[in-house]
Amino acid sequence: MTALDPSKYNPDRSFPAKIKRRLTLWRVAKPMPTTPRKGIISFTFDDFPKSAAQHGAETMDMIGASATYYTCTGMAGHTNVMGDIFTEDDIAPLIKAGHEIGTHTQTHLDCARVDAETIRSEISTNASNLEAIIGKAPEPHFAWPYGETHFSGKSSIGDMVSTARGILPGINRKGSDLMQIRSFELTPEGWTTDRASKAIEQAARSGGWVTIFTHDVRKDPSAYGTTPAALQRLAKQARDSGADVLNISAAYEKITGEAVA
Ligand SMILES: [Zn+2]
């Protein structure tokens, strides 16, 4: 199925689907080789709305950090509940400012409901379209639309992408799945910001990799976005925590590099 407007999509809430989702989470396709002793924090934006390109990037620039934008080319030029979605013109300035572009499928489909071949084809089309815009291949890092996947999907894309980010909260440590990276969502609800803040604090104290994701970043965000003020608060906290604030590629290199050493 195709659902380019996330607000119009509801995951399968049937009992078998719930069981499957839980099993998928615990069946690890690519275990994280080590727990980084020094905490790592990564900020990511999904889809992505123009406001994330503007206020998200401004916030990252403020702390001298790079963010990852998981880009769904099928959404380019659309307007939905998250506001105006990116257009091609938004990509080059982000890269110039040091941010990175990852992949997020072409049609923002629920990957739990399609086979591995379809997932591969979606990633490939999305990457080709991004390559045409960027002039080189996007970063080999992917985010599951709605966080939805299955074990067969997770285990069949390792030759296409180095990591895949999910949407379930938690700090990533040794053994966590690099093909379903845990991530803290930011919504307008204050507790989501507080939860991410606590995770940053914890990673700064005892290591691990915290990834954070949201969509639009504006004063009056959608249910899937956050405010510039909340994002700035977390960004400053991450910078001052003593943890490394890195985009997904840099975090991945650091984590896998540490494993080799
Ligand atoms: Zn998305």
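Biologist: Which helices and strands each supply at least two residues of the lining of the largest pocket?

Modeller: This is a predicted model, where local features need pLDDT of at least 70, side-chain atom pairs count only at pLDDT 80 or more, and totals for chains, interfaces and linings use all residues. Residues are numbered from 1 along each chain as its sequence is written, and side-chain values use heavy atoms, with hydrogens and water left out. A pocket is an open set of points on a 1 Å grid over the protein atoms alone, where a 1.4 Å probe fits, with protein on both sides within 12 Å along at least five of seven lines, and lining residues have an atom within 4 Å of a point. With helices (H or I, at least four residues) and strands (E, at least two) taken as DSSP runs numbered from the N terminus, the elements are α1 (15-26), β1 (40-47) and α6 (190-206).

Biologist: Which residues line the second largest pocket closest to its centre?

Modeller: About 170 Å³ of space lies in that pocket. Of its 13 lining residues, the closest to the centre are A17, K20, R21, A112 and E148.

Biologist: How many disulfides are there?

Modeller: A disulfide here is a pair of cysteine sulfur atoms within 2.5 Å. For C72 the closest cysteine sulfur, in C111, is 10 Å away, so that is too far for a bond. The search of the whole structure finds 0.

Biologist: Is C72 buried or exposed?

Modeller: Buried means under 20% relative accessible area, exposed over 50%, and partly exposed in between (1.4 Å probe, protein chains only). C72 has a relative accessible area of 0%, so C72 is buried.

Methods. Points joined across faces, edges and corners; volume = space filled by probe spheres on them.
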